[in-house]
Structure formats: structure tokens, C-alpha cells
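Please open the structure shown below in a viewer and keep the selection panel at hand.

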Amino acid sequence: MLMQDKIQEARDAIASAEKLLVFTGAGISKESGVPTFREAGGLWEKFKAEDFATLEAFKRRPKEVWEWYRFRRNLARKAEPNPAHYAVAKLETLHDDFMVATQNIDNLHQRAGAKKVLELHGNIMRSYCLKCGHKVDESEHKLEGEVPTCPKGDCGGVMRPDVVWFGEFLDPKVLEQSFKFAAECDCCIVIGTSGVVYPAAQIPVLARRNDACIIEINPEPSALTRIADYFLKGKAGEIMPMLVEENPG
Ligand code: BV8
Ligand code: ZN
């Protein structure tokens, strides 16, 4: 089937979806200048996950881990949503029953105007206190110090980035909401993920089990391509706008 025929069929499947789920990974933010994890030149090439994205690493080297997250937070802050993020936000306005489940922590879906966003792995703009749990959104309150401490009263606990590290559980409410939505949706768009991180990667599999139409956008095949009805090979920023019907039929 020709690419434009696949695009047309995928666009029709999206336009007619009753319950539409969008599952995203780092690839949707690549064209915004935010590096992915597992590609050549990706984040894990220079920084090993176990050295920076685990609680043990944080306890061992809090200063370096904070440096790394502040570096990534600045990248995310300076980045702009790209046409793929805006296309996803547009889909939300065209579908009452809609959800974005993102593995990304860069806040770009929200900055593009998406409201119904489940942050599976947290959000790099937020931090919380290891001692009392007090949460701080750093777009409102900047935390000072190489290893910031809790600003609440005289708590003085150590603050950490509000992201899910390897070996940590995802927020059970967020996970349950995304699994439930996936099990009931009739169309799931999978954008820019290698599909290797669990339990997040289970989400499109649950949609598939419910006979949802799976549409994947990625320049390369992923671990999820085997379950895709449509594999649209290419960049999210180029393909996603073609899939959003301006005025549904
Ligand atoms: C947990 C936040 C329970 C932090 C992240 C062995 C087997 C199976 C599982 C495991 C295992 N060993 C350990 C595990 C569990 C582990 C896991 O899945 N590991 C994997 C790597 C094997 N999972 C966990 O630890 C999870 N917790 O299991 O808890 C538990 C509890 C206690 C003890 C044991 C178990 C927690 C996982 C969450 C980790 N946190 N991020 C941070 O960001 O610093 S994960 C990290 O990977 C990011 O969130 C990222 O989003 C996520 C997934 O990566 P992708 O988004 O897919 O990005 P990637 O670079 O891989 O791929 C990019 C894709 O984009 C590519 O396909 C590329 O082709 C494509 N692309 C490129 N350009 C474009 C594009 N696409 C479109 N357009 C473009 N222009
Ligand atoms: Zn505290």
C-alpha cells in the first residue's frame, strides 16, 4: 500500500474513533531539540541510566544527578512544542473521549495546549521533598542550591526531581487510568517510542487486545511495530499534521 493511501486510511480511522488514545515517547520531542534516550547521540549514550535515573544514583551522587536534571530541564524549557505536539492537542479538540499517555517528562504536550495528559514518568518541571513529600513546580518557585532542600517550614528535607526512576513504581492512579483507557479505546496512535520501557509499553498492547486500530509513527521500526495496523515510517512533526482532519466528515 502506498504511503499516501496508508495516511488516508489512518486519518479516517482516527477521525471515526469513538475513544482515542495517543501514546508518546521521546521521539515526539526530537524535532523540538530534546534528545531521545536510545538512539545514537541519545541521552543514555553519554549518561548511563543507572548512574543518573535511579534512587540509588541520587543517594550516591545527589549533586551530579541534580546537575543532569537541571541541564535537561533547561533543554525542555528552551524547547518549543513542534507540529506533532500541536497536532495531538488539535486531536483533543476533535474528540470528546480522548487521552494522551506520555512517557516524556518535558511538559511539551501541555505547552502545546493538550489538557488530558497522563504523565507516566512524571514531569521535569516539578520536584518533591524526600522527607515530607512537599511538591514544588519550578516554573513557579525556583529551588536554590546544588542539592535543594525543602522550602516548607523547617522541614529541611532533600528535594528530588518529580520523575519516575528505573526500579521505581509509576503513580498507581496514573497507571490504572492509562491501562483502563487503553483497554477501552478503539484507536491508539503510538508516536516516537522504542517501546522497551515497562510498564508503559504495555499500554498499546492493551489497546491492541481490545481490537483498537494501532497507528505507529516512527522513522524506525520499534518493539511495538509488530502490533501496529499502520506503521507510518517518518518523523512525527511531518506525519502527525497529515493525520489530523481539519474538519471531520
Ligand atoms: C518499574 C524518567 C516496578 C526519568 C524513565 C528487564 C526487562 C523488562 C523490564 C525491566 C527489566 N529490567 C528492569 C525493568 C523495568 C524497567 C524497564 O522497563 N527497563 C527497560 C529499559 C528494560 N522499568 C522500570 O524500572 C519502571 N519501573 O518497573 O517498577 C519495579 C519496582 C521495583 C523493582 C523492580 C520493578 C520505571 C520506568 C521509568 C523509567 N523512567 N524516564 C528520566 O527521563 O530521566 S524511562 C525513559 O525511557 C523515558 O521516560 C523515555 O520516555 C522512556 C522510553 O524511551 P522512549 O520514550 O521510547 O525513547 P527512546 O529513546 O527509547 O526511543 C525514541 C524513539 O523515537 C525511537 O524509536 C526513535 O526511532 C524515535 N524517533 C526518533 N526521532 C523521531 C522519532 N519518532 C518520531 N519522530 C521523530 N522525529
Ligand atoms: Zn519537606
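This is a predicted model: local features need pLDDT of at least 70, side-chain atom pairs count only at pLDDT 80 or more; totals for chains, interfaces and linings use all residues.

**The zinc site**

Begin by selecting the zinc ion (ligand 2) together with Cys-129, Cys-132, Cys-150 and Cys-155, whose SG atoms are its protein donors. These donors lie 2.2 to 2.4 Å from the ion. Which geometry does the site of the zinc ion (ligand 2) have? The site is tetrahedral, with angles of 104 to 120 degrees among the 4 donor atoms. Along the chain, the donors follow the spacing C-x2-C-x17-C-x4-C.

Next, display the surface over Cys-129 and Cys-132. Cys-129 counts as buried because its relative accessibility is 1%, which is under the 20% cut-off. Cys-132, by contrast, has a relative accessible area of 37% and is therefore partly exposed.

Is His-95 buried or exposed? With a relative accessibility of 6%, His-95 counts as buried. Then draw a distance from the side chain of His-95 to the backbone oxygen of Ala-17, where the value is 3.4 Å.

**Two residues with positive phi**

Select Asn-107, found in the loop between β2 and α7 (108-111). Although Asn-107 is not a glycine, its phi is positive, at about 70 degrees. Its relative accessible area is 19%, so Asn-107 is buried; the cut-off for that class is under 20%.

Continue to Asp-211, in the loop between α9 and β8 (213-218). Here too the residue is not a glycine, and phi is positive at about 65 degrees. Is Asp-211 buried or exposed? Asp-211 is exposed, because its relative accessible area is 70% and the exposed class begins over 50%.

Pro-199 itself belongs to the loop between β7 (187-191) and α9 (202-209).

Key. Residues are numbered from 1 along each chain as its sequence is written. Chains are lettered from A and ligands numbered from 1 in the order in which they are written. Side-chain values use heavy atoms; hydrogens and water are left out. Buried means under 20% relative accessible area, exposed over 50%, partly exposed in between (1.4 Å probe, protein chains only). A polar contact is a pair of N or O atoms within 3.5 Å; within protein, one must be able to donate a hydrogen and the other to accept it, and residues adjacent in sequence count only if both atoms are side-chain atoms. Helices (H or I, at least four residues) and strands (E, at least two) are DSSP runs, numbered from the N terminus. Donors are N, O and S atoms within 2.8 Å of the metal (3.2 Å for Na, K and Ca); water is not among the atoms, so sites may look incomplete. Four donors count as tetrahedral if all angles lie between 85 and 135 degrees; four count as square planar and six as octahedral if opposite donors are over 155 degrees apart and all others between 65 and 115; anything else is irregular.
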